[in-house]
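My entries follow in the order I made them.

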Amino acid sequence: MIHTISLIAPRGNVLSIKAAGSGPALLLLHGFPLDHSMWLNQLNGLAEQYHVIAPEFRGFGQSTLDDPTFSLKDLADDVEFVRSHLAGDQPIRLCGLSMGGYVAFEYWKHYRQHLELLILANTKPTADDEAARAGRVKMAEQALREGSWPALAGMMTKMLSTTTIQQQPEVQSFVEEMMRRASPEGVAAALHAMASRHDFTKLLPTIETRTMVITGADDPIAPPAATEQWAKLIPGAKYTCIANAAHLTPLEQPARFNDLLLGSNGQE
Ligand code: MLT
């Protein structure tokens, strides 16, 4: 059974978290512009093996946005706050997808002593170039001016594979509804935070934490060829490309994704 936990973070913002199950802690960090719902297949499907914990980033889902100027390091601090309250003294498995992956890199940099496993899904270690930054600023302005959906609709084509759209049309409407729910203020704040994120490429060879890197065969945001290249820079990292999936592998191929996470616990 999934339950909701609300924590008041040191800076006063309310962090909303969905949790299920018991066992080793598995923290799941959602992508942009999504919320905990993208992890429902993992909250439901992995609860017998893990204490699954899915926090929502500031300004997304039920988490509040008290100060719109935050960095991805601030989001990693929120994750550490959640870990310290919900995971006890046991090392955690941390899985971040896309923007959640950018936060997972920050978490690794500052809090790696708590990590038993780092799972980087559909993400990349690089920072934005000038053009990407300018695009984010424009998108943030549009979201605040016209509302989230007009600014975000163009992203929809990058989220799901053709196979998903054809064979699981309900997943497409589920994702669209999630994106439509995103608040303009949360969207704009996250875009600014992503635009000023650090480049982790040079640090990849220093990652000593056990790491899994996952992407989708049709992901245009974290394409397999580039993802496999940077995954090779992390000593011993296990790289997997999931077929018939694009950017949202845990939603598009939940059984395959969950098997990989179970395998990380020696149960695949
Ligand atoms: C995400 O899924 O979190 C976004 O695609 C990340 C990004 O815009 O860089």
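Entry 1, cavities. I searched the whole structure, and the search found two cavities of 30 Å³ or more. I keep in mind that this is a predicted model.

I listed L15, P55, E56, F57, L75, D78, V79 and V82 as its lining. Helix 2 (residues 72-86) gives the most to this lining, with four residues. By class I noted six nonpolar, no polar and two charged residues in the lining of the largest cavity.

Entry 3, second largest cavity. The volume here is about 30 Å³. I found L72, Y102, F105, E106, K124, P125, T126, R197, H198 and F200 along the second largest cavity. Helix 3 (residues 99-111) supplies the largest share of that lining, three residues. The lining of the second largest cavity divides into five nonpolar, two polar and three charged residues.

I then checked where the ligand is, and it sits in the largest pocket. Around the ligand I listed G31, F32, S98, M99, Y102, R136, M155, M194, I221 and H247. I sorted this shell into six nonpolar, three polar and one charged residue.

A backbone N or O atom of F32 is 2.7 Å from an oxygen atom of the ligand. A polar backbone atom of M99 lies 2.8 Å from a ligand oxygen atom. For R136, a polar side-chain atom is 2.8 Å from an oxygen atom of the ligand.

Terms used. Residues are numbered from 1 along each chain as its sequence is written. This is a predicted model: local features need pLDDT of at least 70, side-chain atom pairs count only at pLDDT 80 or more; totals for chains, interfaces and linings use all residues. Side-chain values use heavy atoms; hydrogens and water are left out. A residue is near a molecule or strand if one of its heavy atoms lies within 4 Å of it. A polar contact is a pair of N or O atoms within 3.5 Å; within protein, one must be able to donate a hydrogen and the other to accept it, and residues adjacent in sequence count only if both atoms are side-chain atoms. On a 1 Å grid over the protein atoms alone, a cavity is a set of points where a 1.4 Å probe fits but cannot get out, and a pocket is an open set with protein on both sides within 12 Å along at least five of seven lines; lining residues have an atom within 4 Å of a point. A molecule sits in a cavity or pocket if more than half of its atoms lie within 2 Å of its grid points. Ala, Val, Leu, Ile, Met, Phe, Trp, Tyr, Cys and Pro count as nonpolar, Asp, Glu, Lys and Arg as charged, and the others, Gly among them, as polar. Grid points are joined across faces, edges and corners, and a volume is the space filled by probe spheres set on the points. Helices (H or I, at least four residues) and strands (E, at least two) are DSSP runs, numbered from the N terminus.
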